[in-house]
Amino acid sequence: MASAVNKSVLSDVAAEVKKYHFPLEDVPRLSCNDPVVEQMIRNEEPVILTDTNLVAAGMQWSPQYLAENIGNGLYTVYSSKTQKFLYYDDKKVARVPDFSPPTVHEDMTFQNFLCKVNKRKEGDRWMYLQQSLNDTVGPPIVRDFTTFNWAWISEQQQKNKWGALTSNLLLVGMDGVITPVHYDEQQNFFAQICGFKRFILFDPSMFGCLYPYPVYHPHDRQSQVDFDNPDFVRFPRAKELRGRQAILGPGDVLYLPVYWWHQVESVPGRGMTVSVNFWYKSAPTEKIVYPLKPQQKVAMMRNIEKMITDALNSTEEVAPLMQAMVLGRYT
Ligand SMILES: O=C(O)CCC(=O)C(=O)O
Ligand SMILES: [Fe+2]
């Protein structure tokens, strides 16, 4: 089946996007019937699928359609002074005394959100709606949702022994919004509905080049490296970064493997974006095979860091203890 997104539009978009200090290789764009795809998903390699029809019935979910059909429920809308929406975990804010949240979230109706976006003037705050699809959405949206290609995605879930579907996040972003580089602890099929998103991806072995915040920190799982202004003095290994790029247009689905780093940019000048992701629990480890995979080492480091933090019952003592364990002994 032909790709829904025009190849020449994709190459125009690729020519428009920002360049960073690291090289990027393209993520392959394939038909979901290509035999290579099965192997890539099994090996936890990212791939763009052009013809899954995963959200076929949702392809009409323009911001306007959503405003007319989603109902009057309240949705989480983040606002930020800049285009960047650095995630933070509300539950961890109290652990860092001088933490100042880079974004603010507010519950509002979809109509109110869209109205604010349309009225926005230069200098006003940027806005990004990010809300799990739940049972407050109106009947037309429920109808579209139930006709998603559940047969295809459930087959992937089963083949790969993934656990439950935990949530579907609906993301509606203003032209130009950016989710800075981070990793998640779940498998993700990311479906693009409206507009274009550019993913910058790094495999889990790049952990040491991306300097994530401590696990106890509200920015846990987020990189401290700012691609627009990388601080190579504090983060020298950021120079070693080598990434991949995936540009998604309407109808494309990205397989985003667990623990893969990603920065997501709504391509500037291409309008608002609408996307829906599908987060699944990873397969349980059946048998441990050595050498461990980089993603298994990340999981292990997280557990050790959590244990140390809990045992010390004091976030300030974590770094000195870890340094005493390592410096001059393992260095
Ligand atoms: O689309 C975005 O802005 C962020 C999406 C994301 O990080 C995810 O689905 O894991
Ligand atoms: Fe993510």
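In the predicted model, the shell around ligand 1 is made up by class of 5 nonpolar, 5 polar and 2 charged residues. The residues that surround ligand 1 are Tyr 128, Leu 171, Thr 179, His 182, Asp 184, Asn 188, Phe 190, Lys 197, His 262, Val 264, Asn 277 and Trp 279. Within this group, a polar side-chain atom of Tyr 128 is placed 2.6 Å from an oxygen atom of the ligand, and an N or O atom in the side chain of Thr 179 likewise lies 2.6 Å from an oxygen atom of ligand 1. For Lys 197, the corresponding separation between a polar side-chain atom and an oxygen atom of ligand 1 is 2.8 Å. Ligand 1 exposes 300 Å² when taken alone, and the protein buries 96% of that area. Two or more residues of the shell are given by each of strand 9 (178-182), strand 10 (187-194), strand 14 (261-266) and strand 15 (273-280).

Of these elements, strand 10 is considered next. Because 8 of the 8 residues of strand 10 are buried, this strand is largely enclosed by the rest of the structure. Strand 10 pairs with strand 15 in the antiparallel sense over 7 bridges, and within this pairing Ala 191 has Val 276 of strand 15 as its bridge partner. A further antiparallel pairing, over 4 bridges, links strand 10 to strand 13, which comprises residues 253-256. Here Asn 188 stands opposite Leu 256 of strand 13, and Asn 188 is also one of the residues that surround ligand 1.

Strand 9, which likewise gives two or more residues to the shell, contains Val 181. With a relative accessibility of 2%, Val 181 counts as buried, because the cut-off for that class is under 20%. The C-alpha atoms of Val 181 and Trp 261 are 6.3 Å apart in space, although the two residues are separated by 80 residues in sequence. When neighbours within four places in sequence are left aside, the contacts of Val 181 are with Phe 202, Leu 210, Gln 222, Ser 223, Val 225, Phe 227, Trp 261, His 262 and Gln 263. Among these contacts, His 262 is itself a member of the shell around ligand 1.

Strand 6 spans residues 126-132 and is largely enclosed by the rest of the structure, because 6 of its 7 residues are buried. Strand 4 (residues 74-80) and strand 6 pair in the antiparallel sense over 4 bridges, while 5 bridges join strand 6 to strand 8 (residues 169-173), these two strands also running antiparallel.

Thr 309 is found in helix 8, which covers residues 294-312. The relative accessible area of Thr 309 is 10%, and the residue is therefore classed as buried, the limit being under 20%. A polar atom of the Thr 309 side chain lies 2.7 Å from the backbone oxygen of Glu 305. Apart from neighbours within four places in sequence, Thr 309 is in contact with Tyr 216, Ser 314, Thr 315 and Val 318.

Terms used
Residues are numbered from 1 along each chain as its sequence is written. Chains are lettered from A and ligands numbered from 1 in the order in which they are written. This is a predicted model: local features need pLDDT of at least 70, side-chain atom pairs count only at pLDDT 80 or more; totals for chains, interfaces and linings use all residues. Side-chain values use heavy atoms; hydrogens and water are left out. A residue is near a molecule or strand if one of its heavy atoms lies within 4 Å of it. A polar contact is a pair of N or O atoms within 3.5 Å; within protein, one must be able to donate a hydrogen and the other to accept it, and residues adjacent in sequence count only if both atoms are side-chain atoms. Accessible areas come from the Shrake-Rupley method with a 1.4 Å probe; for residues, only the protein chains shown count as cover. Ala, Val, Leu, Ile, Met, Phe, Trp, Tyr, Cys and Pro count as nonpolar, Asp, Glu, Lys and Arg as charged, and the others, Gly among them, as polar. Buried means under 20% relative accessible area, exposed over 50%, partly exposed in between (1.4 Å probe, protein chains only). Contact means heavy atoms within 4.5 Å. Two strands pair if DSSP finds at least two bridges between them.
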